Amino acid sequence: MKRKISSIVQHKDGWHGVSFSISGHEITDFEIYQKSAFDDIQNILKDSTAYSVSMNTSSGYMVHLTFPFNGKRKIGLVLNNELGDILPFGVEDVQIDFQEIGKGNVLSVAIPKDTLDGFRGNKKINILTLNTLAALHALRWLTIMTLTDYAFVNIDGNTASIMVFKENRLKYLRQFFYSPESDSLIDAFEELLSRKELIVTTYYMIGSNKDVNAEKERIEKNFNVEINTPSLKTYVKHADCPEWLWAGIGAALLSMNPKHEISLLSDRHRELSSFNRIALSASGVIAAICIIIVSVFYLNYYLKERAYNYLISEQGRLYRSAFPKAPPVKDIGKAFEDRIKSIDQELHGAGINVAMPPLQVLAEISSNIDSQTDVKLNEFVCDEKEFDISGTTVSFAVVEKIQSNLAKIKGVKSTETQSVDITAGKQIRFKIRGKL
């Protein structure tokens with residue numbers, strides 16, 4: 001039984017359409033629509049019930065993350081935290097989706113939200129992805145990649161991507177700027193082959209014919225490895241089928257079963273959608289309870305106002321008690337602050353070193369660790385010259401972030417990580433020392 005599928009793929013600055021039929025793993029009735037405007041391709045495909053869209057790989061960011069646990073729900077809870085330390089902009093400005101490829105191995109993709117403005121609300125688009133991911137799916141679907149250990153290299157315009165799989169698990173990902181005149185791909189292979197745990201015997205590379213053939217020869221000559229460069233024309237009988245169209249075919253194939261694939265138009269964590277619907281229903285009940293609670297608190301407003309006025313007047317009384325000869329001031333808090341600073345400067349001028357109290361050190365540490373950071377402090381030791389804190393967190397990146405934040409505390413001369421290791425529960429245990 002034949003099935004007709006379609007996609008719209010971006011290549012360089014233009015858009016192209018692809019439509020074909022599949023029967024088993026055979027592609028027939030292949031058609032290419034080469035236009036420059038997205039709307040033109042949409043009009044050609046207007047009779048299609050749905051289609052997918054694949055954008056230039058440079059439009060988004062692909063990130064490989066590893067976690068000591070698995071499950072999309074658990075990963076979804078900490079993903080934004082991890083990406084916040086990696087992406088060059090805030091996670092609130094990007095659309096994110098991810099896929100777990102092997103236990104604890106996560107492929108995450110982020111794309112700026114403003115890039116998606118032209119696609120939102122289009123009900124015919126059932127999946128939106130990047131060219132590298134679409135091309136990889138095409139190679140797998142056509143059973144070109146039958147091994148469990150291999151490396152996949154894709155050259156998509158000015159972006160190159162390398163992905164390494166071991167036992168069908170994603171073990172390495174690198175996305176970087178590419179130019180035929182540069183050695184960026186050679187440098188990337190040199191780094192890859194220097195890591196024994198990432199060396200595989202089979203390498204696949206696709207892209208435009210010109211770039212792939214040239215890079216194939218350079219890599220094989222430099223590193224004595226064999227690069228497989230599958231030709232699209234072997235699998236698609238069409239005279240004008242360019243090699244860069246792997247992404248268009250892969251995107252169309254993804255549209256057959258988009259539910260478990262990365263899609264940058266869907267909600268960030270689709271597995272939580274049912275949970276969110278329940279939460280939305282419960283929020284109505286909670287809102288009603290909140291109204292009742294607010295009403296009860298409003299009854300106490302008069303008493304609270306009296307207490308507030310009393311505390312305001314108490315500030316003036318305390319100031320007059322501490323400084324009986326001082327003239328009245330408007331900002332009593334600032335006046336106290338200025339007085340304390342003046343006393344502190346006099347002590348330092350006399351050569352007296354005033355150590356920061358341990359409780360103040362602890363308060364400064366607490367205020368300088370982001371409340372969103374997943375960390376548990378187990379021990380705090382402090383004397384006049386230094387302090388030690390130890391605890392556990394979820395990643396090495398968080399440990400570095402905590403150390404950099406501690407270094408910003410006023411009165412802390414330096415900080416250093418004394419020890420970092422992984423616990424039996426795969427948490428990161430650390431100890432940081434600061435000099436006062």
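The model is a prediction in which local features need a pLDDT of at least 70 and side-chain atom pairs count only at pLDDT 80 or more, whereas totals for chains, interfaces and linings use all residues. Residues are numbered from 1 along each chain as its sequence is written, and side-chain values use heavy atoms, with hydrogens and water left out.

Helices (H or I, at least four residues) and strands (E, at least two) are DSSP runs, numbered from the N terminus. Strand β10, which covers residues 159-166, pairs with strand β11, residues 169-177, in the antiparallel sense over 8 bridges; two strands are said to pair if DSSP finds at least two bridges between them. Within this arrangement, Lys166 has Arg169 of β11 as its bridge partner. The two strands form a hairpin with 2 residues between them, and Glu167 in the turn has a positive phi of about 55 degrees. Asn168, in the loop between β10 and β11, likewise has a positive phi, of about 60 degrees, although it is not a glycine. Most residues other than glycine have a negative phi. Asn168 counts as partly exposed because its relative accessibility is 43%, where buried means under 20% relative accessible area, exposed over 50%, and partly exposed in between (1.4 Å probe, protein chains only).

A positive phi, of about 55 degrees, is also found at Asn224, which is not a glycine. Asn224 is located in the loop between α5 (209-223) and β13 (227-228), and it counts as exposed because its relative accessibility is 72%.

Helix α4, residues 184-193, is mostly covered, with 7 of its 10 residues buried; among them are Leu185, Ile186, Phe189 and Leu192.

The structure holds 12 salt bridges, a salt bridge being a side-chain nitrogen of Lys or Arg within 4 Å of a carboxyl oxygen of Asp or Glu. One of these joins Arg174 to Glu191, with the closest N and O atoms 2.5 Å apart. This pair links distant parts of the chain, since Arg174 belongs to strand β11 and Glu191 to helix α4, 17 residues apart. Arg174 is partly exposed at 25% relative accessibility, and Glu191 is partly exposed at 33%.

A further salt bridge connects Asp183 with Arg218, the closest N and O atoms being 2.4 Å apart. Because Arg218 and Glu215 are 3 residues apart in helix α5, about one helical turn separates them. Glu215 counts as buried because its relative accessibility is 2%. Elsewhere, Glu386, Asp388, Arg433 and Lys435 are linked in a network of salt bridges.

On the surface, Glu92, Asp93, Asp114 and Asp117 gather in a patch of negative charge. Such patches are made of residues with over 30% relative accessible area and no salt bridge, like charges being joined within 9 Å. Asp114 lies in the loop between β7 (105-112) and β8 (125-130), and it counts as exposed because its relative accessibility is 58%.

Definitions and conventions: Patches are made of residues with over 30% relative accessible area and no salt bridge: like charges are joined within 9 Å, nonpolar side chains (Val, Leu, Ile, Met, Phe, Trp, Tyr) within 5 Å. Accessible areas come from the Shrake-Rupley method with a 1.4 Å probe; for residues, only the protein chains shown count as cover. Lys and Arg count as positive and Asp and Glu as negative; His and the chain ends are not counted. The place of a charge is taken as NZ of Lys, CZ of Arg, CG of Asp or CD of Glu.
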